[in-house]
Amino acid sequence: MIWLWVLLVAGLTIGGIFWLGKLPAAARPLAGAAVMLGLAGYALQGSPSLAGKPVAAPEEPEGFGEALTDQRQGMADRFGPAAQWLGMSDGFARTGKTELAAQTLEKGLQKYPDNVDLWVGLGNALAAHGGGMMSPAAALAFDEAAKRDPSHPAPPFFAGLALAQGGDLKGAEAVWSELLARSPADAPWRADLEMRLGQLRQALGPQLPPPPADDAPGAAAGVPN
């Protein structure tokens, strides 16, 4: 049955080339030969009867894929100058238009270049546009956010999230551990951070303890560590 559809499509293609495309008569034999060559190649290598096999996405710790807008838990100003830009960017991101999401935040930063929320949002958008990976551009955006307010929890939280989603679990664990150490006990993001950090450490598995100071590289030579 599949070959009937293949031949039908081939016939429609040839017909479109000859008549709708107004191909000169001298070039029609060459165009027909090209189509027939394609059919011959498909007959030799194609396997239309095989069942489809979707490609599985790389596994990541459960709970790391929620929408970013649901994870701002007290970290962003929902009514400040960044709110409208973040809202528009989130709308584009939810429909898969990650490039437009990043461009929207870039425009917002032209007006508010020192806004931490916009820099963090740009890092999130660039990471999403890169397929969930922490790209150099995304890392730069998170760094710019942290420079503008070193005490703000959002830059390390979302930088760690991008690292975890990209597969760098050790990097994410280091970033989140530092953030947890300086987070107040009543911080609205602390419970979520502890949960994610626990999942991350469980995914990493048992970690080897650091070597004793006497056995550390360079200790015998008196090199400071």
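The buried residues of helix H3 pack against helix H4 (98-111) and helix H5 (116-129). Contact here requires heavy atoms within 4.5 Å. Helices are DSSP runs of H or I with at least four residues, strands are runs of E with at least two, and both are numbered from the N terminus.

Before I continue, a word on the source. This is a predicted model in which local features need pLDDT of at least 70 and side-chain atom pairs count only at pLDDT 80 or more, whereas totals for chains, interfaces and linings use all residues. Residues are numbered from 1 along each chain as its sequence is written, and side-chain values use heavy atoms, with hydrogens and water left out.

Which residues of H3 are buried? They are Trp-85, Leu-86, Ser-89 and Asp-90. Seen down the axis of H3, these buried residues fall within an arc of 130°, so they line one face of the helix. The arc is taken from the directions that run from the helix axis to the C-beta atoms. Buried means under 20% relative accessible area, exposed means over 50%, and partly exposed lies in between, with a 1.4 Å probe and protein chains only. As a general point, an α-helix has 3.6 residues a turn, so residues three or four places apart point the same way.

H3 covers residues 83-94, and at 1.5 Å a residue its 12 residues should span 16 Å; the end C-alpha atoms are 16 Å apart, which agrees. The expected span is 1.5 Å times one less than the number of residues. Just after H3, Gly-96 takes a positive phi of about 85°.

I turn to H4. Its buried residues are Thr-98, Ala-101, Ala-102, Thr-104, Leu-105, Gly-108 and Leu-109. They cover an arc of only 155° around the axis, which puts them on the same side of H4. Lys-107, Gln-110 and Lys-111 are exposed on the other side of H4. H3 and H5 are included in what covers the buried residues of H4.

The next topic is H7 and H8. Helix H7 (residues 154-165) and helix H8 (residues 169-181) pack at an angle of about 160°, their axes 8 Å apart. That makes H7 roughly antiparallel to H8. Axes are lines fitted to C-alpha atoms, for helices over the stretch in contact, and angles run from 0 to 180 degrees between N-to-C directions. Angles under 35 degrees count as roughly parallel, over 145 as roughly antiparallel, 65 to 115 as roughly perpendicular, and the rest as oblique. The residues of H7 that meet H8 include Phe-157, Gly-160 and Leu-161, and among their counterparts in H8 are Val-175 and Trp-176.

H8 also meets H9. The axes of H8 and H9 come within 10 Å and cross at roughly 145°. Arg-196 lies in helix H9 (residues 190-204). Is Arg-196 buried or exposed? Arg-196 is buried, with a relative accessible area of 1%. Arg-196 and Trp-176 are 20 residues apart in sequence and 8.9 Å apart in space, C-alpha to C-alpha.

Finally, the chain as a whole. The protein chain has 9 helices and 0 strands. Of its 225 residues, 33% count as buried. Among contacts with a separation of 6 or more, 55% are between residues 24 or more positions apart.
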